[in-house]
Amino acid sequence: MAHSSTSAIDTRSGFCRSNSTFYSKRKPIPLPPKHSMDITTFISSQAHNGKTAFIDATTGRHLSFSDLWKAVDSVANCLCDMGIRKGHVVLLLSPNSIFFPIVCLSVMSLGAIITTTNPLNTPREIAKQIADSKPLLAFTTPQLVPKLTESSSNLPIVLIDDDDHNCSAKILTTLTEMMTKEPSENRVKERVSMDDTATLLYSSGTTGASKGVVSSHRNLIAMVQTIVGRFNEDREHKFICTVPMFHIYGLAAFATGLLASGSTIIVLSKFEIHEMLSTIERYRATDLPLVPPILVAMINGADQMRLKYDLSSLKTVLSGGAPLSKEVIEGFAEKYPTVRILQGYGLTESTGIGASTDTLEESRRYGTAGLLSPSMEAKIVEPENGKALTVNHTGELWLRGPSIMKGYFSNAEATSSTLDSEGWLRTGDLCYIDDDGFVFVVDRLKELIKYKGYQVPPAELEALLLTHAEISDAAVIPFPDKEAGQVPMAYVVRKAGSNLSESSVMDFVARQVAPYKRIRRVTFIAAIPKNPSGKILRKDLIKLATSKL
């Protein structure tokens, strides 16, 4: 957004005293002048020198850029024949795959909306998302069909691969069949504008209820332009896809963003550290996006890893999910001196964009999430009274820019409490911005637990625990863990006469949630501390839990 007077902006911090806004110090991103533009057309129109778009790390199958765009066109044509139109929702339930981006790009090219879900989710969790988003069609693998049939008995399914399938589900066709059909030249393309909805990704808010984040084609185009700007060096990029494509990090980087730069993306269907390292060696990968626990594992096992694998092609490691400590950055630089570390901060609600470090020098500003992303504005706001703060003062980080979501799907109340009338997104993160414009995340106003990069909402687990016949009250908190970052820990009040064990509580939850949401520690307590309005005093419990560390 334009600001009234550039002279009022401090060039060092980016802070403008006249409106208490921090402006990005990076060069603004260009957006297409044409209002009528979908993300798929935008990516496919980018000039690049790349030949191979995707490589399946397991099978070695390659997809060239021309193969990719031909497949996208054919699948979009078939979807159109099936009656999928602008505004319709299509569900994608799949592990990482070279076919994942084909489905996403095909759906979005029609002006239809892609919604993704975690393959680790239980049928119960998937059913909630289906009930909320109301997809007309689902793409999934034969192995995951049972999860869909348990969640929704009548949702038509397209199988992503050709494995033998014996199930009672309504299978329409396979993706392979769709990809081999010649596109019709007579198909009438509906006009898609940059303001139309492109994706519907589910994110847990402060209440723990999962909400659909509505992102437009403009949001995705802004995200793509930001990513392309970070990797515009004159060298060949081969990225290893380790992070899940259903998540904003994976979708932003691999299913859309990096394609526009002509990069090659090597896809691992699931993360296993030795498979990742052997893939780097086999394909001479240059860039490795990951989450902090993997980075820590690479430091701890560096001596054995470098003996066993040739990692000399690796140029850059990109870390997201949490700021890295001085010890981790220095430890990595010592073990891998030829590899630079870049960091990033973003939310599903900001299409994965917010702040980043784009050089090793910037990453060495220890504890920072980086400088504000191009075209991004920020405010630091006192949570109690809404007062905007200045440099080096801690408050809630608010963001505004072209990648900020349209709102939450069919949830006006949640939208208005997160997005204000001027387009500011309340991130729920307590931060400060220093004299040089670097963003530092201090704490989370939100109560989400970050387990290996996954978001675990405590309220969801608490509601589940309260359904147990022998539990009268419960609270769930994050407990620090070297490997995972944080693990969910439960404080449980047993009903009178109950001899419920810790393992029984953990097993009860494990049967009903995805593996990353499982309770890893249980402590029994006489009463859950609460404030006068009944809100759990989570900070008191965290203090109690960590006092013995």
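Reader: How do helix 3 and helix 8 pack, in terms of angle and axis distance?
Author: In this predicted model, helix 3 (residues 100–109) packs against helix 8 (residues 248–256) at an angle of about 90°, and their axes are 10 Å apart. Helix 3 is therefore roughly perpendicular to helix 8.

Reader: Which residues of helix 3 and helix 8 make the contact?
Author: From helix 3 they are Phe100, Pro101, Cys104, Leu105 and Met108. Helix 8 supplies Leu251, Phe254, Ala255 and Thr256.

Reader: And by class, how many are nonpolar, polar or charged?
Author: The contact of helix 3 with helix 8 has eight nonpolar residues, one polar and no charged ones.

Reader: Next pair. What are the angle and axis distance for helix 9 and helix 10?
Author: Helix 9 (residues 273–283) and helix 10 (residues 292–300) pack at about 75°, with 12 Å between their axes. An angle from 65 to 115 degrees counts as roughly perpendicular, so helix 9 and helix 10 are roughly perpendicular to each other.

Reader: Which residues make that contact between helix 9 and helix 10?
Author: Ile273, Met276 and Leu277 come from helix 9, and Ile294, Ala297 and Met298 from helix 10. By class, the contact has six nonpolar residues, no polar and no charged.

Reader: Switching to strands. Are the residues of strand 14 buried or exposed, and which way do they point?
Author: In strand 14 (residues 287–290), Asp287 and Pro289 point one way while Leu288 and Leu290 point the other way, and all are buried.

Reader: Do strand 14 and strand 15 run parallel or antiparallel, and how many bridges join them?
Author: They run parallel, and four bridges join strand 14 to strand 15 (residues 316–320). Within strand 15, Leu318 stands opposite Pro289.

Reader: Now strand 27. Why call it largely enclosed by the rest of the structure?
Author: Because seven of the 10 residues of strand 27 (residues 485–494) are buried.

Reader: How does strand 26 pair with strand 27?
Author: Strand 26 (residues 471–481) pairs with strand 27 in the antiparallel sense, over 10 bridges. The two form a hairpin, with three residues between them.

Reader: What stands opposite Val492 in strand 28?
Author: Phe524 does. Strand 27 and strand 28 (residues 521–524) pair in the parallel sense over four bridges.

Reader: What kind of unit do strand 27, helix 16 and strand 28 make?
Author: A right-handed β-α-β unit, where helix 16 covers residues 502–510.

Reader: Single residues, then. Where is Phe440, and what is it in contact with?
Author: Phe440 is in strand 23 (residues 438–444). Leaving aside neighbours within four places in sequence, Phe440 is in contact with Arg365, Tyr366, Gly367, Thr368, Leu430, Cys431, Tyr432 and Asp434. The C-alpha atoms of Phe440 and Gly367 are separated by 6.5 Å, although these residues are 73 residues apart along the chain.

Reader: Is Phe440 buried or exposed?
Author: Buried: Phe440 has a relative accessible area of 10%, and the cut-off for buried is under 20%.

Reader: Last one, Glu362. Where is Glu362 placed, and is Glu362 buried or exposed?
Author: Glu362 is in helix 13 (residues 360–363). Its relative accessible area is 14%, so Glu362 is buried.

Reader: What is Glu362 in contact with, leaving aside its neighbours within four places in sequence?
Author: Arg26, Ser356, Thr357, Thr368, Leu371 and Phe438. Thr368 is also among the contacts of Phe440.

Note on methods:
Residues are numbered from 1 along each chain as its sequence is written. This is a predicted model: local features need pLDDT of at least 70, side-chain atom pairs count only at pLDDT 80 or more; totals for chains, interfaces and linings use all residues. Side-chain values use heavy atoms; hydrogens and water are left out. Buried means under 20% relative accessible area, exposed over 50%, partly exposed in between (1.4 Å probe, protein chains only). Contact means heavy atoms within 4.5 Å. Two strands pair if DSSP finds at least two bridges between them. Axes are lines fitted to C-alpha atoms, for helices over the stretch in contact, and angles run from 0 to 180 degrees between N-to-C directions. Angles under 35 degrees count as roughly parallel, over 145 as roughly antiparallel, 65 to 115 as roughly perpendicular and the rest as oblique. Ala, Val, Leu, Ile, Met, Phe, Trp, Tyr, Cys and Pro count as nonpolar, Asp, Glu, Lys and Arg as charged, and the others, Gly among them, as polar. A crossover is right-handed if, with the strands pointing away from the viewer, the path from the first strand over the helix to the second runs clockwise.
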